[in-house]
Every structure is written in C-alpha cells, then in structure tokens.
Amino acid sequence: MTPHANWRLPAGASLFWRQWDLEETVVFNRGAGSTHLIDAFSAASLRRIAAGPCSFGILVDYLSDLSGADEEQVGGRLGEVLDSLQQLGLAEPVSPCAFAS
Amino acid sequence: MRIRELTPRALNERLRGEGIGLRWGPFVSQIRIELPELTEPIHRLYADFSLCEEQFRDFRITIRHRGGRAQRAEFVLDNCYALPLFPRAIALGMLEWGLNWCVYNNIHSYLLIHAAVAARDDRAILLTGPPGSGKSTLCAALVGRGWRLLSDELAVIDPRTLDIWPLARPICLKEEAIDLIRENVPAAVFGPAIHGTAKGTIAHMRPPAESVERSNRPARATWIVLPRYDPGFRTGLEPVSSARGMLSLADNAFNYHLLGETAFDALSELVGQCRIARLYNSSLTDALRELEVLTTDAFRPPPQ
C-alpha cells in the first residue's frame with residue numbers, strides 16, 4: 001500500500017452494487033466482468049472512491065465520520081482494504097502529481 | 001405420439017433413419033442414432049416424451065459408430081461439430097451429457113446455472129454446487145417424493161422474468177447413488193448401468209411422466225441449497241446470506257461472464273426472493289428431512 005497515493009477506479013471500471021444487509025455488499029465491475037463480495041468497510045471506501053478520486057487522508061476523514069471510529073484505527077484498516085481492492089482490480093493508486101494534473 | 005407407443009423396432013427404424021424430434025423444455029432436438037444398442041434404453045428412458053411434429057430444431061444430433069474394430073463412437077452436432085471420439089460402450093452417457101453440452105455451449109438467451117432443480121406447486125428448489133456435492137442424488141430423491149423434475153444438471157433461467165424452464169430429461173446418477181435411489185425410490189425406472197465413464201459407473205433414472213408432461217411450465221425459484229456431501233458430516237442446514245448465495249450461483253453459472261450485467265441483475269433479484277442454506281449431508285434420509293424443514297415455514301433464517 002502507498003499511504004500517500006491518491007485512489008481512483010481503474011480505467012474502464014463501471015460498478016454496480018447490491019446490498020441486502022449492513023455487513024455484505026456484492027459489487028459487479030462491468031469493465032472486467034468480475035463480481036466480488038466485500039464487507040461494509042470496503043464497500044464504504046469503494047463507494048467514496050467511485051464518487052471521485054481522493055487521497056488517503058480524505059478517505060480516512062470520510063470513513064471516520066461515517067463510522068465514528070478514531071482516525072488512527074480507520075487508517076490502519078484502510079491500508080489493508082485498499083490493498084485488497086487493488087488486487088481485485090476495483091481501485092488503483094496514482095501519484096499525487098498525476099492526481100493534481 | 002409418445003415414444004412408449006412405438007415398438008422398439010419402429011423406434012429403432014426412426015432413430016437410424018431421419019431420427020426423432022424431441023422437445024425438452026424450451027428446446028427441440030432431432031436425434032439420430034446409428035447404434036442399435038441405444039434403442040431399448042431410449043425407449044425406456046424417454047417413454048413419456050412425445051415425438052415433436054414441429055419443423056424447427058435447436059440441435060440436430062447424430063451418434064454414430066466410428067473406428068472399425070476399435071468400437072468407438074462420436075457425437076455430432078448439426079452435422080458439423082463432433083465431440084472427441086468415445087468408447088461405444090458409454091454412448092448413452094455421452095448422449096445425455098452431449099445434450100446438456102449443446103445447451104451450455106450454445107444457448108445464451110438464458111442464464112444457465114449448474115444446478116439440479118425440482119419444484120413443488122411451481123416453486124423451485126435449486127441445488128447447486130460442484131460435481132460430487134450430491135445434487136443429482138437429492139434431486140432424484142425429491143422427485144421420488146412427488147416433486148416435479150425440472151433438471152438434474154441445468155437451471156435454465158430467463159433473465160427478464162426469472163422463470164426457470166424445465167429440462168426434464170433422465171437423471172444421471174453415479175456409483176453408490178444408483179443403489180441408494182433404487183432403495184429409496186422403488187418405483188423408479190432405470191436405464192442400464194454404464195461402466196467406465198469419466199464419472200465411474202453411471203445409470204439414468206427415467207423422469208416421471210407428469211414432469212415430462214409439464215415441461216412447458218416454468219417454475220419460480222424459492223429455495224437455493226448449496227449441498228456438500230461428506231460421510232463425516234452431521235447432516236444439517238446452515239443459513240446463507242443473499243450476498244454469499246449470489247456469489248455461489250455466479251460461481252456455478254456457465255454463462256455469467258457472457259451475460260455480464262444482465263446476469264448480475266437477474267441473480268441479485270433471484271436470491272432476493274429465495275431462502276438460501278448450505279446443506280451438510282451425510283445421510284439421504286436426514287437430508288430429505290432437512291429439506292422438508294427448509295421448504296416449509298418451519299425454517300426461519302436469522303434476520304439479515
């Protein structure tokens with residue numbers, strides 16, 4: 001994980017969501033034709049990224065506000081989740097410079 | 001005219017001539033067979049099927065002898081595509097397998113799930129899972145208890161309406177399941193045991209006449225069961241969330257990747273209307289009791 005990177009959806013990704021309860025979400029990536037089961041924290045992170053590219057810090061603030069958990073706790077968990085979303089092809093880091101441009 | 005109304009000799013002449021037209025659910029096949037030893041099993045297993053008078057055919061199938069003394073045969077689709085040669089002794093098994101192969105390789109207007117399906121009052125139970133999980137055995141036992149057979153192999157789902165269409169053809173059982181169903185369903189009619197297939201010894205159970213007659217009537221998915229067979233299990237049900245149920249169906253679909261968003265939408269709607277459970281199974285009697293609980297109001301999954 002690159003903590004200082006910004007995060008966005010990979011090019012071509014187009015996400016569709018289904019949620020039946022508060023704990024699990026199924027997300028379909030039309031770009032890749034893949035379907036994934038993710039937990040609530042991952043879903044909240046991915047929904048924020050899907051709304052627009054954002055920095056790690058913005059994600060931490062957003063998720064802290066959403067969950068009421070402290071930022072340090074959220075930051076630790078978020079690193080793992082972003083790694084996982086990247087492996088699934090659902091999110092990707094970009095350098096802050098690229099993000100700025 | 002039903003096949004049972006033909007003499008075996010008349011059926012043999014038709015099979016070796018132009019073939020016979022058979023409707024199974026939404027599909028119609030022309031089946032031509034040059035191997036006379038298949039006539040009697042087809043006469044027995046397809047006794048309640050009507051010969052199809054329509055001209056249109058989804059699949060034109062020929063099974064013919066190849067290889068001289070090598071006693072091999074082949075399955076040819078539409079006179080242009082042949083499966084690899086196989087031993088003539090397993091030709092009946094290859095006919096049944098090949099008919100399913102025709103569907104899951106060519107029909108993509110339906111969402112196709114690897115599942116056994118039976119219905120009661122047009123409410124369907126889907127038993128889905130990998131080979132060896134006990135789908136066909138459970139399906140045959142349910143059919144023996146009066147459930148309508150839709151298919152022992154394929155759930156054919158209309159993605160627009162979520163209707164499940166029947167393919168009420170013979171149920172393929174393997175190894176120990178053959179005797180288990182013979183004991184549990186004494187009225188069942190079987191074809192010959194076929195040795196040496198990729199699944200070991202198999203035998204086919206004739207679909208009940210009522211299932212064949214109602215094969216133009218779809219059913220509604222109501223229960224999804226993910227069976228797992230292991231002699232060491234304590235038989236029981238475990239509720240499964242809609243999300244995990246959907247992933248299981250997607251994993252067991254033949255054409256989910258081709259249908260993409262259409263399949264995603266259909267499956268997510270379908271699981272929303274179903275009770276879903278994993279069935280740990282070591283005893284057919286106990287498993288049937290558990291399925292009875294699931295398919296009545298006695299089963300109450302915890303709120304999600």
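How many other C-beta atoms lie within 10 Å of B:Glu175? There are 13, so B:Glu175 is partly exposed. The scale behind that word uses C-beta atoms placed from the backbone: 20 or more others within 10 Å make a residue buried, 12 or fewer make a residue exposed, and partly exposed is in between.

The model is predicted; local features need pLDDT of at least 70, side-chain atom pairs count only at pLDDT 80 or more, and totals for chains, interfaces and linings use all residues. Residues are numbered from 1 along each chain as its sequence is written, while chains are lettered from A and ligands numbered from 1 in the order in which they are written.

Start with the sheet of chain A. Three strands form an open sheet, in the order β2-β3-β4, with antiparallel pairing. Strands here are DSSP runs of E with at least two residues, helices are runs of H or I with at least four, and both are numbered from the N terminus. Two strands pair if DSSP finds at least two bridges between them. β2 (15-19) and β4 (34-39) of chain A stand at the edges with a single partner strand each, so one side of each has no neighbour in the sheet. From one strand to the next, the twist averages 25°. Between β2(A) and β3 (residues 24-29) of chain A there are 5 bridges, and the two strands run antiparallel. Opposite A:Gln19 stands A:Thr25 in β3(A).

Helices come next. Helix α1 (residues 40-51) of chain A lies across β2, β3 and β4 of chain A. Its direction is about 120° to β4(A). Axes are lines fitted to C-alpha atoms, for helices over the stretch in contact, and angles run from 0 to 180 degrees between N-to-C directions.

Helix α2 (residues 56-67) of chain A meets helix α3 (residues 71-87) of chain A. Their axes come within 9 Å and cross at roughly 120°. On the α2(A) side stand A:Leu59, A:Val60, A:Leu63, A:Ser64 and A:Ser67. They meet A:Glu71, A:Val74, A:Gly75 and A:Leu78 in α3(A). A contact requires C-beta atoms, placed from the backbone, within 7 Å. The residues of this contact divide into 5 nonpolar, 3 polar and 1 charged. Ala, Val, Leu, Ile, Met, Phe, Trp, Tyr, Cys and Pro count as nonpolar, Asp, Glu, Lys and Arg as charged, and the others, Gly among them, as polar.

Where does chain A touch chain B? On the chain A side, β2, β3 and β4 of chain A are the elements that give two or more residues. In total, 12 residues of chain A are in contact with 14 residues of chain B. The largest share of the chain A side, 4 residues, comes from β3(A). That side divides into 5 nonpolar, 3 polar and 4 charged residues.

Chain B is divided into domain 1 (3-106) and domain 2 (111-294); the bounds come from an automatic or database domain assignment. The C-alpha centres of these two domains of chain B lie 24 Å apart. Across the boundary, 19 residues of domain 1 are in contact with 24 residues of domain 2. α2 (39-45) and α3 (91-106) of chain B each supply at least two residues of the domain 1 side. α3(B) gives the largest share of that side, 7 residues. The domain 1 side divides into 13 nonpolar, 3 polar and 3 charged residues.

Now follow strand β10 (residues 154-157) of chain B. Both of its faces are covered. B:Leu154 and B:Val156 lie on one side, B:Ala155 and B:Ile157 on the other, and all are buried. In a regular strand the side chains alternate between the two faces of the sheet. Strand β7 (residues 111-120) of chain B pairs with β10(B) in the antiparallel sense over 4 bridges. There, B:His114 stands opposite B:Leu154. β10(B) also pairs with strand β11 (residues 163-165) of chain B, antiparallel, over 2 bridges. B:Ile164 in β11(B) is the bridge partner of B:Ile157. β10(B) and β11(B) form a hairpin with 5 residues between them, and B:Leu162 in the turn has a positive phi of about 70°.

Most residues other than glycine have a negative phi. B:Asp122 has a positive phi of about 65°, in the loop between β7 and β8 (123-128) of chain B. B:Glu175 has a positive phi of about 50°, in the loop between β12 (171-174) and α5 (176-184) of chain B.

Technical notes. Two residues are in contact if their C-beta atoms, placed from the backbone, lie within 7 Å.
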